[in-house]
Amino acid sequence: MYFDTIDSTNAYLKKYWKKLPSETIVWASKQTGGYGRMKRKWISQRGGLWFSVLFKPKNRPMNPWHYVRLYTMSIKYVLSKYRLETVIKWPNDLLVNNKKICGILGEGIYTGNIVSAIIVGIGLNVNNIIPDDLKNIATSYVEEKNKELNLKKLLKQINSTAYYKYYLKYFKKDKISIFTKLWIKNLNIRHGDFIKVISQSIEKRGKIVSIHGDYLEIDFDGKIEKIYAGEVSVRKERI
Ligand code: ADP
């Protein structure tokens, strides 16, 4: 489904998920109310690729984080075909030279404890110029490569990569852990790295003990804690 302007592609699917089929894609040229984690504002001007995908599969793993990783891996793959190498920032962003080029937000629709639907929202900076106040933390394809990409073609390539390269192959009970391991291999953090964990206004420095799909085990001065994705921001320490 295509819209010239929408408030948010994720919000649209959250409203109409019941009557829309699984794998519906909502694409908009411009979002007026795009949002990231913890409802932080996501700037979505014309020229970027803003879309969301609805998943209501039968007999597939239903953790929203699997679907976030599905798109992180697919977009990384497609951008590398356009000669732009990106780094996956745990848990949900793609970076170029430490600047965010893509943010991916997964949202679950719950019926009690059961996930009935998953919505993945993708914000990829492509032909859009980054506003001055975000220049230090964000970049776009055109700013990196001085070249524009066809958004419709890119949208198709990302979704067919997601579907044929990863979804059909790995989104099965006995295969999903292989996919999570593949994603961990592609992350910008490793066991033993020091990171800064930021939650609300509290900052803590710690060492990574182990990396899992949905959480990190961190050693904070001898005390081991689990840090779940979604609760915190993690910054890699430069030493
Ligand atoms: P994080 O995962 O870094 O905590 P979020 O996923 O919550 O961030 O995304 C929201 C944040 O991303 C905003 O607070 C802003 O700093 C940044 N941001 C907003 N729009 C864009 C954009 N188009 N490209 C890159 N970064 C953006």
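**Exercise 1.** Determine in which hand α2 passes α4, and describe how the two helices pack.

*Solution.* Begin with the crossing: α2 passes α4 in a right-handed crossing, a crossing being left-handed if the near helix is turned anticlockwise from the far one by less than a right angle, and right-handed if clockwise. The model is a predicted one, in which local features need pLDDT of at least 70 and side-chain atom pairs count only at pLDDT 80 or more, while totals for chains, interfaces and linings use all residues. Residues are numbered from 1 along each chain as its sequence is written, and side-chain values use heavy atoms, with hydrogens and water left out.

Next, take the geometry: helix α2 (residues 64-81) and helix α4 (residues 151-170) pack at an angle of about 120°, and their axes are 9 Å apart. That makes α2 oblique to α4, since angles under 35 degrees count as roughly parallel, over 145 as roughly antiparallel, 65 to 115 as roughly perpendicular and the rest as oblique. Here axes are lines fitted to C-alpha atoms, for helices over the stretch in contact, and angles run from 0 to 180 degrees between N-to-C directions. Helices (H or I, at least four residues) and strands (E, at least two) are DSSP runs, numbered from the N terminus.

Finally, list the contact (heavy atoms within 4.5 Å): among its residues are Tyr67, Leu70 and Met73 of α2 and Leu154, Ile158 and Tyr166 of α4.

**Exercise 2.** Describe how α2 packs with α5.

*Solution.* First, α2 and helix α5 (residues 176-185) pack at an angle of about 50°, with 11 Å between their axes, and that makes α2 oblique to α5. Second, the crossing in which α2 passes α5 is left-handed. Third, His66, Arg69, Leu70 and Met73 of α2 make the contact with Ile176, Phe179, Thr180, Leu182 and Trp183 of α5.

**Exercise 3.** Locate Pro91 and Arg83, and describe their backbone.

*Solution.* Pro91 lies in the loop between β4 (87-89) and β5 (93-96), and the peptide bond from Trp90 to Pro91 is cis, with omega near 0°. Arg83, found in the loop between α2 and β4, has a positive phi of about 60° although it is not a glycine.
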